[in-house]
Amino acid sequence: MATDITESAELGEINKYNFRTETTGVFKAQKGINAEIVNQISDIKNEPDWMREFRLKSLEIFESRPMPKWGGDIDIDFQDIFYYLKPTNGQGRTWDDVPQEIKDTFDKLGIPEAEKKFLSGVKAQFESEVIYGSLEEDLAKQGVIFTDTDTAVREHPELLREYFAKVIPPEDNKFAALNSAVWSGGSFIYIPKGVHVDFPLQAYFRINAESMGQFERTLIIVDEGASIHYVEGCTAPMYSTESLHSAVVEVIVKKNARCRYTTIQNWANNIYNLVTKRAYAYGDATMEWVDGNLGSKLTMKYPAVHMMEPGARGEILSIAFSSAGQHQDAGAKLVHEAPNTTGQIISKSISKNGGRSSYRGLVRVEPGAHNSKNNVVCDALILDPESRSDTYPYIEIAEQDVQIGHEASVSRIGEEQMFYLLSRGLTEQEASTMIVNGFIEPLVKELPMEYAVEMNRLIQLQMEGSVG
Amino acid sequence: MTHVLKIEDLHVNVGEKPILRGVNLTINHGETHALMGPNGSGKSTLGLAIMGHPGYDVTGGKISLDGKDVLAMEPDERAREGIFMAFQRPMAIPGVKMADFLRHATTNVRRPDRKEGEELIPMREFRKELKEKMSHLRMDVEFARRYVNDGFSGGEMKRAEILQLAMLQPKFALLDETDSGLDADAVRLASESIAEIGQGKMGLLIITHHDKLLEHNPPEFTHVMLGGRLVETGGRELADELHENGYDRIRNAYPDAEAANQEMLAEEAAI
Ligand SMILES: Nc1ncnc2c1ncn2[C@@H]1O[C@H](COP(=O)(O)OP(=O)(O)OP(=O)(O)O)[C@@H](O)[C@H]1O
Ligand SMILES: [Mg+2]
């Protein structure tokens, strides 16, 4: 499997070594985390004082918090990680350094040449300026801001400061605090009142080494009556020498606005992917998270929607696929803070070759949020006896007059379904791939076309066991 | 060379329980055979064993196709060798579209040597053929976009099985109550379609409790199963007799088989 190679400590060391010796400039990357390093990051970015103070305060919170005791086993030595690496413009790593398995997977997925180099960290900039340039112009005319978060700190200081860390403060959890201390990159998006962006905005168009960093920070504000579909990630395996990815994504959806945030991520087998994503949806607004998680050593990710005002809707669709050596602890969180709010969670997980998928979900109805409706459906598919699936649904309800539904199912690929397909000439491999693709079809059909196609192809590769 | 499907002294268990107790049957390509017998006598079991269902344990006997050992083959290899079964109770595969499923199946059966991951039948060509065959069966084109057997009515399911028969063009087809659960018009349409697709073009084994299907597909041979054995074989007139008078004569004539049948039914009731 492709990602087995990245588990090899040796390879990791070689690549870290490359980074350390070949990075030039004032910044000298060092492992570990302390106030000096945080100050250094702030220096390099030439940040205003408030951001520096925010980082330093977050560091204190990070240090004072214990590791979460639930979720998965986290075995991270925080002093053995680089927290900031300057983009290397291709000097840090060469194409020859990229493991053959990763290259093969790119080929199988049909990833274009230029993207391959970018995705494997050989190039710092993804060459799509041409496509992106005209889009950017179009959007700018409508007042849309779409930039990386570092740039936003410089160019849109007031707007950014008004919303930054308001939905997810550093106190929220240990990893949100860590991100707040060392964050770098991520997207900043502002959609003005009444503006509808009618094509999916893809992080893809503007990814560079910064925005895909380990600690990216994304902030999206959809103003009243506006709408946007943001798509992040891609199905190519994310190859990284660092083992910790901890992002924070905050979304504010104002009155009558809509936001759909789609993520498809396929991490290499050595990665801890610990992400905090949360949205506030105001009066009659709709927030949807579509979240697909493949790979990684451990993913802990529970996109949340807080329905702040009457009529708000929150929807979360989540797919998790775990294979050998992987644990997906994924789920969702819906908090009804106001009356007449509606929430829905649909979660589908697949476990294979000893992989483990857990659904962890919270539905909370706060006092006063009467006449709220919530429905949770989680289905797990287990492909072999070595694999495992667990469900941890938490429901806290402080109101009488609400409708709450919860359905959970765990299934194995049925002998009967399998036999039916085999009896029509499909091989066992084709049949199980088809059953798995069918299982996630209700979610895949929500994805933009090209992602849906890639997703199916990726599942096929996963099922063939040729990627990890 | 005409193709031959040959079953010799076949014994099949489900778990510990013996169901088939020595079945002998030879079907030549182009022949139509009717398989009759009371409920629970083992008709479906015979079909499923021929197709290779993993829940049906072959404890003795042989199955061969043109001399090749069928029992050594996985179900998908059997399908690619040209064996097909229209199931009494087809399985639903949620999320998998009929068209995608059929395109894979048709490709594999027509190109038995295809390696996994190689091209499927070109989309355009496949669609055209599928559409033609569907309109022949008076199926709406929408049907191709529905998920395999998911939420199908009884009649739709059986029609979908016939569509698969039409697409896969096997050498031997085992049709297990493909006429049950259909209204009078649908039975006629199914019977005519099967005659058109299969009569003389494949070896047919028709399992049925009704006479309509056999009217359109007159069998050269009728076999009667009781207690897991084929106790009598005749021509078309045997089928007519059983439709007319039921199984009393058979039950009286073969008391051992009848006892075995009763025993199986009793165990079934006990479960
Ligand atoms: N999967 C199974 N598990 C348990 N028992 C089974 C199974 N399949 C068949 N049997 C038993 O084997 C016997 C024969 O069943 P089979 O379905 O072959 O009968 P049949 O002749 O097709 O009946 P019908 O006319 O009702 O369709 C019955 O007693 C049945 O209960
Ligand atoms: Mg039967």
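Reader: Where is the place of N149(B) in chain B?

Author: Happy to start there. This is a predicted model, in which local features need pLDDT of at least 70, side-chain atom pairs count only at pLDDT 80 or more, and totals for chains, interfaces and linings use all residues. Residues are numbered from 1 along each chain as its sequence is written, chains are lettered from A and ligands numbered from 1 in the order in which they are written, and side-chain values use heavy atoms, with hydrogens and water left out. Helices (DSSP H or I runs, at least four residues) and strands (E runs, at least two) are numbered from the N terminus. N149(B) sits in the loop between α4 (123-136) and α5 of chain B. Its phi is positive, about 55°, although N149(B) is not a glycine.

Reader: Is N149(B) buried or exposed?

Author: Buried means under 20% relative accessible area, exposed over 50%, and partly exposed in between (1.4 Å probe, protein chains only). At 2% relative accessibility, N149(B) counts as buried.

Reader: What is the phi of S296(A)?

Author: Phi of S296(A) is near 75°, again a positive value in a residue other than glycine. S296(A) belongs to the loop between β10 (286-295) and β11 (298-301) of chain A, and with 0% relative accessibility it counts as buried.

Reader: How do I read the area buried between chain B and chain A?

Author: The size of an interface is often given as the accessible area lost when the parts come together. Buried area is that loss (1.4 Å probe), summed over both parts. Here it is about 2300 Å², of which carbon and sulfur atoms give 63%. The contact (heavy atoms within 4.5 Å) takes 36 residues from chain B and 20 residues from chain A.

Reader: How many salt bridges are there across the interface?

Author: A salt bridge is a side-chain nitrogen of Lys or Arg within 4 Å of a carboxyl oxygen of Asp or Glu. The rule finds 3 across the interface of chain B and chain A. In one salt bridge, the side chains of E430(A) and R114(B) meet at 2.8 Å, N to O.

Reader: Which residues coordinate the magnesium ion?

Author: Donors are N, O and S atoms within 2.8 Å of the metal (3.2 Å for Na, K and Ca); water is not among the atoms, so sites may look incomplete. S44(B) (OG) and Q88(B) (OE1) coordinate the magnesium ion (ligand 2) at 2.0 to 2.2 Å. S44(B) lies in helix α1 and Q88(B) in the loop between β6 and α3 of chain B, so the pair ties together parts that are 44 residues apart in sequence.

How values were computed
Buried area = accessible area lost by both parts, 1.4 Å probe.
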